[in-house]
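Hi,

Here is the structure I promised to pass on. Please open it alongside this message and follow the notes as you go.

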Amino acid sequence: MAFWLARSRDGQQTDFIQRFDPRFWTVDFPRPMMASVVTTGPDSLRMDFEFHHRDALAGLIWWSEDTLDHPLLAYDTDRDYSRTTLSFRWRSGGVLPLDAVNGPTLTIEGRDAAGNARTWYVRMWNYATGSPQDAQIVLPFSDLFGGWDIGSSTDQVYPNDIDRMFISLAPPLYDSTDESLLPARVDGWVEMSEINCDGDRALLEIGDVMVPPHGVRMATAYDDSYNQTPERLLRNLRGLGYRDEILHYVGMSHYYRVVPGPGDTMVADDPAVLAEPALAWHRDMLAKAKAQGYDFILSFSFELLAQNCPKDWTQRAHDASPALTGWDPPSSLLALGNSEAVTHLRQLALKLAQLQAAAGLPVKIQIGEPWWWVKGSYAPCIYDAATAALFDPAVPRITDMRQTLSSAQIGVLNTARDLMGSVTRSIKQDIKNAHGSTAEVLLLAFTPTLLDPQMPAMTELNIPLEWQHPEFDRLQLEDYDWLTGGAEALRRQGYQTMDALLQYPLDQQDYMSGFVLNAEDADAFWPLIDAGLEEAKERGVPRLYVWALPQVCRDGYTRLPDSPPDIGEYEDDDMQAFDDVLYPLALGRDAGVSPEFSTSIVLTASGHERRNSLWSDARLRYDVGPGIRSESELGVLLEFFRARRGAARGFRLADPFDFSSNGLTGSPSMFDQRIGVGDGLAGVFQLTKSYGEGAEPQVRPISRPRPGTITISVDGAPETGWTLEPGGKIVFTHAPPAGAVIRAGFLFDVPVRFAEDRLDITGAAFAAGEAPSVPLVEIREEL
């Protein structure tokens, strides 16, 4: 399917929004405090806070440059606020009031008239009318002053070059120099309503595309989007063509409430589980998603931000080292032998299901990537105190999952595996008991970890028998490490292995493709991700998701539909329609063939030529008319032409001059054509034929080989562990080893179409022995 990495708008549909539109404010803050922002109307928003420390400070932020929305949906950058006025009503509670020292302050970051970086601190109380907690505020940017008292201030804001501005919000008892805890948690809120922007620059142009629905669904996460309004996220989803259902991971770092723990730590609280700002955000997201026709899968994983994870909840290796992921800061995997950690997971799942039910949505909960962690040293993290108590102490502890393990050690892995199965089953049953049999519980498995070929015993540890069909309503698979790493053989083996182990039919499986962690990998990874979606669709997987929305917006990934939405009744919706049939008449030696290239030639003033080859491969043209010898053959041609609808549908042509990997017409052997060199990961190689000697031969992709004629060798030895896929792709069961040369022999046909939509043949000319002209042109097939 077509896709586009859109870096910027180029003539696409636009609209205008009022500057300071509530949808586009963001909130940010240092952990462990928590905050969120939601829209409450077309001109209003609300923030919720949980403060724990005296120096806690949150910011409600407006950016002059939109770096969060997809480029086709972003608002234009405008740093000039001169002769512009922002006004709104302010109401608050649980935060410092407007008139307090360190009360709500508008911090403006930009440059002065000389271009020097500057920051201004505008006390909002100076521009307010009303009480310190309920006031009307008017901010004229061409007449704003920083400082405590505008009557004596000379610190006038230069409004022509502003990068961002934020309103700082602090708890009562705020002290920027004191990191200690407040006497008790403070729950705060702020509401801004009647938000209005007047003046010369009150409007911003904004992208307003509406990509037609394309059948792919979106996955996103609260950890990545906690700072945005749900309405902003949904606008991107809808504009980019994502429909039906949203898969939303609540994350591992922002959803839970924290309480003081040992020493100076703050740890996840039970039984409260969700912090009020996270609850407010998710309630708003679910309500707005339902109003737009989306279902919602809420997902959670078996991990917490390590700094907030109680020490007894942490999975540990044989040497008591904790299970820490590679994120910065890291998360920690939860020990499933610890009853408090399991209670946290069960309560979280029930809370998420209750949120869905309260919003009037179907209950759909995903248990995301449950596993026992294996460290970079290959040590399994199954030896926390509670879990280790389940094992026979006489069995040597497992320190490296790559080693050959004894039957007793395999038994230890199986005990941990069965515990995993029991926990996931109990979570599923909790949800079914609370919300009935129509509630869906889905399981997400990450195959590169569960099926790591370096650790064959991983299936004994991390794929419980309790997961087998029909335990969960759907099985969801993701394999993005293998996908972006080019490990095609491992990916395909992974599907087969999961099918064999868990036995979910394809119509009860989903596939998640992605993601691109670093922007510099966008150009390399997104084609692989999009191809992964296509490959899953071809396998028959009915529901496809791309992970995740922040990366989609950052890189401009734009998935396009298969065909125009209003395609005509008689038009074929396959824009590259091809009938896999052979042209039915022998060509004979009188047929014409013309290879052609496209070369741009520029003649310089000195008479020298500069030539630029526009095509890497020749395109062939044929005239097969001279091969027609009788009226009966003429009838066959006319019938075949009508069946192809003229030039609309392609077909195979047996080229009498060039049809073999061995020279042009020789008998093929497994050593004829070098089609690739193994790297230990890649399992898919395109059949090709090279023309010419030297370091840069002309390479021709072969998309229509004759299947029964193909032979393959790897480093000179015959290879039978492969299959042929459409487009002339050889797919190995096991990836060829690094450095191994892959060669192939084959016969092939040429994909062609009629060059024109009509045939001009007269009976008199044919009877007189004049051969008709029947031009064909080679099709360049997508590979």
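Below is what I found, from the whole chain down to single residues.

**Confidence and layout**

Keep in mind that this is a predicted model. The mean pLDDT of the protein chain is 92. Of its residues, 94% reach 70 or more. One stretch needs care: pLDDT stays under 50 over residues 565-575. For that stretch the model has 6 contacts beyond four places in sequence. Where pLDDT is low, predicted coordinates should not be read in detail.

The chain is divided into four parts: domain 1 (3-207), domain 2 (217-559), domain 3 (578-656 + 752-778) and domain 4 (673-748).

Next, look at the open sheet with the strand order 34-42-38-39. Its pairing is antiparallel. Which strands stand at the edges? They are strand 34 (673-677) and strand 39 (717-719). Each has a single partner strand, so one side of each is left without a neighbour in the sheet. On average, neighbouring strands here are turned by 35° against each other, direction ignored.

Strand 38 (residues 711-714) pairs with strand 39 over 3 bridges, in the antiparallel sense. For a pair to find on screen, take Ile712: its bridge partner in strand 39 is Glu719.

**Two helices in contact**

Two packed helices are described by the angle between their axes and the distance between the axes. For helix 10 (residues 488-502) and helix 11, the axes come within 13 Å. They cross at roughly 35°. The crossing is right-handed. Helix 10 makes the contact with Arg491, Arg492 and Tyr495. From helix 11 come Gly532, Glu535 and Arg539.

**Cis peptide bonds**

There are two places to check here. The peptide bond from Arg31 to Pro32 is cis, with omega near 15°. Pro32 is in the loop between strand 3 (26-28) and strand 4 (34-41).

A cis peptide bond also joins Gly514 and Phe515, where omega is about -5°. Phe515 is in the loop that runs between strand 25 (509-514) and helix 11 (522-539). Helix 11 is the partner of helix 10 in the crossing described above.

Phe20 is not a glycine, yet has a positive phi of about 70°. Phe20 is found in the loop between strand 2 (14-18) and strand 3. Is Phe20 buried or exposed? The relative accessibility of Phe20 is 0%, and the cut-off for buried is under 20%, so Phe20 counts as buried.

Asp244 is not a glycine either, and has a positive phi of about 75°. The loop that holds Asp244 lies between helix 2 (230-239) and strand 16 (245-249). The relative accessibility of Asp244 is 44%, so this residue counts as partly exposed.

**One exposed serine**

Last, find Ser407 in helix 6 (residues 407-435). Ser407 counts as exposed because its relative accessibility is 68%, and the cut-off for exposed is over 50%. Ser407 and Phe300 are 107 residues apart along the chain. Their C-alpha atoms are separated by 34 Å.

Best wishes

Technical notes: Residues are numbered from 1 along each chain as its sequence is written. This is a predicted model: local features need pLDDT of at least 70, side-chain atom pairs count only at pLDDT 80 or more; totals for chains, interfaces and linings use all residues. Side-chain values use heavy atoms; hydrogens and water are left out. Helices (H or I, at least four residues) and strands (E, at least two) are DSSP runs, numbered from the N terminus. Buried means under 20% relative accessible area, exposed over 50%, partly exposed in between (1.4 Å probe, protein chains only). Domain bounds come from an automatic or database domain assignment. Two strands pair if DSSP finds at least two bridges between them. Axes are lines fitted to C-alpha atoms, for helices over the stretch in contact, and angles run from 0 to 180 degrees between N-to-C directions. pLDDT is the predictor's confidence in each residue, from 0 to 100. Contact means heavy atoms within 4.5 Å. A crossing is left-handed if the near helix is turned anticlockwise from the far one by less than a right angle, and right-handed if clockwise.
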